[in-house]
Amino acid sequence: MSVIGGPVAAQQPFDESKYPAFEDQWIRVGPVERYDPTKPPASGQQAPLTPEYQAIFEANLSEVAKGGFGDDPTYNCIFDGMPRAMNLVLPMEFVIKRNIVYVHLEYQSALRRIYTDGRDFPTDQIASWMGYSIGKWIDEDGDGRYDVLEVETRNLKNPRTYDASGVPMHKDGQTVVKERFYLDKAKPDILYNQITTYDHALTRPWTVTKTMRRERKPIWIESVCNEDNHHVNIGNEHYMLDDVGELMPAKKDQRPPDLKHFNQSKK
């Protein structure tokens, strides 16, 4: 097995033929917004949470059962971040360059940059939803072509959850995500992403494998979450806008917002 990495490797000529055929549109195989696609949603995911964060998750599910939106931050058009972004609500695309791999995510037009030039993680980088990713190419079978892209992502911004059910991440923001992208040797139009998440809300690292299929005649759309978003946050409460733009409750028996700063005298 050989690995490309480090400043010397970064200066080598860029030979496209040495890299796997990742540069296409890839579409999720399996149910939408389920972190482990092999398991049922919500509590069926059996996330290895600590007792503290299991209690947070159960409180979230209780809030959702009452009609609320719980701890899922994306309803208000916040980026889903890593590793949830790789659930692939909409397709993604790889662009492979000499020292970097771009992953274009159609959902909210998000972009990942995976640096493959042998650099170290920065110490002064501002945290972000997609984090800072460093990758390396691996030739596992020794045939002179790379088979696997290994990626490590750090410096992630909160709030984030694993999926729409609200499985939580630790509040300390120290999540580390490791990935292995590789093609199915028998079916080259199938791409796998093995994801292992290290997070202090977990009792152990959590590993899942995502499956994607290649689309050879891609159609791209523009995904703008804010364009028709009817969700409104006021203080710590979540409300909705009706079809004429008037404020309405998001759940049964919800109290109206405090309007003390507005002139409420009748005309």
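Visitor: Before we start, what counts as buried here?

Guide: A residue is called buried when its relative accessible area is under 20%, and exposed when that value is over 50%. Keep in mind that this is a predicted model.

Visitor: Thanks. So is E33 buried or exposed?

Guide: E33 has a relative accessible area of 17%, so it counts as buried. You'll find E33 in the loop between β2 (25–29) and α2.

Visitor: What about its backbone, what is the phi of E33?

Guide: Phi is near 50° there, a positive value in a residue other than glycine. For background, most residues other than glycine have a negative phi.

Visitor: And S109, where is that one?

Guide: S109 is in the loop between β4 (100–105) and β5 (110–115). Its phi is positive too, about 55°, although S109 is not a glycine.

Visitor: Buried or exposed, that S109?

Guide: S109 counts as exposed, because its relative accessibility is 53%.

Visitor: You keep mentioning α2. How many residues does it have?

Guide: α2 has 15 residues and reaches 21 Å from its first C-alpha to its last, close to the 21 Å expected at 1.5 Å a residue.

Visitor: Which residues of α2 are buried?

Guide: Those are Y53, F57 and N60. They cover an arc of only 55° around the axis, so they lie on the same side of α2.

Visitor: Which exposed residues are on the face turned away from that?

Guide: That face of α2 carries P51, E52 and A65. After the helix comes G67, whose phi is positive, near 105°.

Visitor: OK, sheets now. What is the order of the strands in the open sheet of 3?

Guide: The order is β11-β12-β13, with antiparallel pairing. β11 (231–234) and β13 (247–249) are the edge strands, each pairing on one side only. On average, neighbouring strands of this sheet are turned by 45° against each other, direction ignored.

Visitor: How many bridges join β11 to β12?

Guide: There are 4, and β12 covers residues 237–241. V232 stands opposite Y239, while N233 has H238 as its bridge partner.

Visitor: What's in the turn of that hairpin?

Guide: The β11 and β12 hairpin has 2 residues between the strands, and G235 in the turn has a positive phi of about 65°.

Visitor: Last topic, aromatics. How many aromatic pairs are there in the whole structure?

Guide: A search of the whole structure finds 13. Ring pairs link F14, Y19, F22, F94, W137, Y146 and F181 into a cluster.

Visitor: Which residue lies over the face of Y115?

Guide: That is R119, at 3.8 Å from the ring centre.

Conventions
Residues are numbered from 1 along each chain as its sequence is written. This is a predicted model: local features need pLDDT of at least 70, side-chain atom pairs count only at pLDDT 80 or more; totals for chains, interfaces and linings use all residues. Side-chain values use heavy atoms; hydrogens and water are left out. Buried means under 20% relative accessible area, exposed over 50%, partly exposed in between (1.4 Å probe, protein chains only). Two strands pair if DSSP finds at least two bridges between them. Axes are lines fitted to C-alpha atoms, for helices over the stretch in contact, and angles run from 0 to 180 degrees between N-to-C directions. Rings of Phe, Tyr and Trp (its six-membered ring) pair if their centres lie within 6.5 Å; planes under 30 degrees apart count as stacked, over 60 as edge-to-face and the rest as tilted. A charge sits over a ring if NZ of Lys or CZ of Arg is within 6 Å of the ring centre and within 35 degrees of the ring normal. The expected span of a helix is 1.5 Å times one less than its number of residues. The arc is that of the directions from the helix axis to the C-beta atoms.
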